[in-house]
Amino acid sequence: MNQAITNTLPVTQTLGKFVSTFQWAQASPKVKSLMPVLMIDYFRAASAGQDRPWTNAVTQLYQSHTSNQDASVLYADTKVDVARAAFINGVAAGSLDWDDSHVAAIIHPGVVIWPAALAMAEIVQCTGEELLTAVLVGYETAIRIGMSIQPEHSLRGFQGTPTCGVFGAAAACARLLKLSPEGCSNALGIAATFSCGLSQFFVSGSDIKRFHAGKAAANGVEAALLAHAGLTGPHDAIEGSQGFARAFSDRFDPHVCIANLGIEFPTEWVSLKPHVGSVRMQAAIEAANFLSRAGIKAEDIQSITIGVHGAMMSKLASTKPIDIQQAQLSTPFAVAMAFVMGPSKPSPLALSVDDYESALNMKTVWDLCGRTSCVVDAEVEKCTTSESVSGRVTVHLRDGSSQEYFVVSPKGCPQNPMSTDEVAERFLALSAHMFGEAECKKWLEQAYDIERLKNLSPLFALKK
């Protein structure tokens, strides 16, 4: 029986109280130090996506809109309505599959929550600590809801980033609007109705995944604004017999949503990704890069076997991606790229969306991808945790020999995190040529010191 039918725990109201009353001083030292890192990674992803065709399209659509123009489009002089700013900035950051990820919740929280919170922060004129607090309660809300219904939620055809991310965006904005516990619960209740996002793009391609984070960010802003205006949502919108969890999943564990809320922080399990593509592909790309750097050349490979977790077989194992979006979600294609393109790229390897665009026109990548297969690997499944996904790559060479490499904890996961210097270097590598190295370094100083900022205008200082 679906637990949502009989559940009596007041999940929505408990989360609403947490969103309204949690204080920054209650956060763990680890999560406090992590939040500026996550913000910098979000801005990095947004800089990589800010001049893409889809981002330009939505910017042009909304920049001339007659609504209030109070919130900034990142890296531009353009200001638009607060919800539209969240949409545009969410599309910029969330459209490249280069965003932060939470394995257990199966979501990318940052690209929904940061754009919503930053847009609202401009409206309410908050401090850095207030922004960090709002974003943290947003991460906790979205992640916990995701963990309570996954993986069944994804198996039913939903993408957790927008469906669960909207709750995080609504929570962050409700907190910045200083809503009461009841008001925050109403924002979550309204967000439940605004939750949307299907995974058919895994099958049929299209641009739609590029808009999911932005749409969820905008929906979260509007849910909080409606609650601020006095409108209500169901007090049990998440856990009710016809609420979000029952409608969107075949399993629901309400305890995950609220157990040790404000004491334990699953936000600490967030991963950053060295490469464009699913967080579940990172170990395989890293293993392929290791073998390539060890001297194995693409032309010497007869075939490749990738040992993966069983959950990857339905969505991340295609050898025939039909467009760049599907290529970014194909483990065989990414592994082939690492062997063909990796040797000519600087270390550490970082496959970008531009690399994928180039690879789509490279016969050598397609040929090797066609000779690559994914298989369920028992050791990979054993080593995979709620925090990271392992991977094995075995190359079968033309001379009859084989070599393999196993990655337990890929770079960027909680067990093998990026240092603050590495995060800064990633940001500079993408942004310095667009905005100037001196300006970017100045921005980084402000970003790392965000907890003490009384005015957030420095965060919006970088312009094209």
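Student: Which residues in α21 meet which in α22?

Tutor: From α21, T420, V423, A424, F427, L428, S431, A432 and F435. They meet E437, E439, C440, K441, W443, L444 and Y448 in α22. Contact means heavy atoms within 4.5 Å. Helices (H or I, at least four residues) and strands (E, at least two) are DSSP runs, numbered from the N terminus.

Student: How does that contact divide by class?

Tutor: There are 10 nonpolar, 2 polar and 3 charged residues. Nonpolar covers Ala, Val, Leu, Ile, Met, Phe, Trp, Tyr, Cys and Pro; charged covers Asp, Glu, Lys and Arg; the others, Gly among them, are polar.

Student: What should I know about the model itself?

Tutor: It is a predicted model: local features need pLDDT of at least 70, side-chain atom pairs count only at pLDDT 80 or more, and totals for chains, interfaces and linings use all residues. Residues are numbered from 1 along each chain as its sequence is written, and side-chain values use heavy atoms, with hydrogens and water left out.

Student: Back to the helices. At what angle do the axes of α21 and α22 cross?

Tutor: Roughly 140 degrees, with the axes of α21 (residues 420-435) and α22 (residues 437-448) coming within 8 Å. Axes are lines fitted to C-alpha atoms, for helices over the stretch in contact, and angles run from 0 to 180 degrees between N-to-C directions. That makes α21 oblique to α22. Under 35 degrees counts as roughly parallel, over 145 as roughly antiparallel, 65 to 115 as roughly perpendicular, and the rest as oblique.

Student: And is the crossing of α2 and α7 left-handed or right-handed?

Tutor: Right-handed. The axes of α2 (residues 11-21) and α7 (residues 128-149) come within 9 Å and cross at roughly 160 degrees. The two helices are therefore roughly antiparallel.

Student: Which residues meet there?

Tutor: L15, F18 and V19 in α2 meet V137, E140, T141 and I145 in α7. That contact has 5 nonpolar residues, 1 polar and 1 charged.

Student: New topic. How many disulfides?

Tutor: The whole structure has 0. The test is a pair of cysteine sulfur atoms within 2.5 Å. For C173, the closest cysteine sulfur is in C126, 10 Å away, too far for a bond.

Student: Is C173 buried or exposed?

Tutor: Buried, at 0% relative accessibility. Buried means under 20% relative accessible area, exposed over 50%, and partly exposed in between (1.4 Å probe, protein chains only). C440 is buried too, with 0%.

Student: Where does H153 lie?

Tutor: In helix α8 (residues 152-155). H153 is buried, with a relative accessible area of 0%. Beyond neighbours within four places in sequence, H153 is in contact with F158, G160, T163, C164, F244, F248 and S249.

Student: Backbone now. Which residues does a cis peptide bond join?

Tutor: One joins Q150 and P151, with omega about 5 degrees. P151 lies in the loop between α7 and α8. Another joins S347 and P348, with omega about 0 degrees. P348 is in the loop between α17 (331-341) and α18 (353-359).

Student: Which residues have a positive phi although they are not glycine?

Tutor: Y75, at about 65 degrees, and K178, at about 60 degrees. Most residues other than glycine have a negative phi.

Student: Where is each one?

Tutor: Y75 sits in the loop between β1 (71-72) and β2 (79-80), and is buried at 3%. K178 lies in the loop between α9 (160-176) and α10 (181-194), and is exposed at 66%.

Definitions and conventions. Left-handed = near helix turned anticlockwise from the far one by under 90°.
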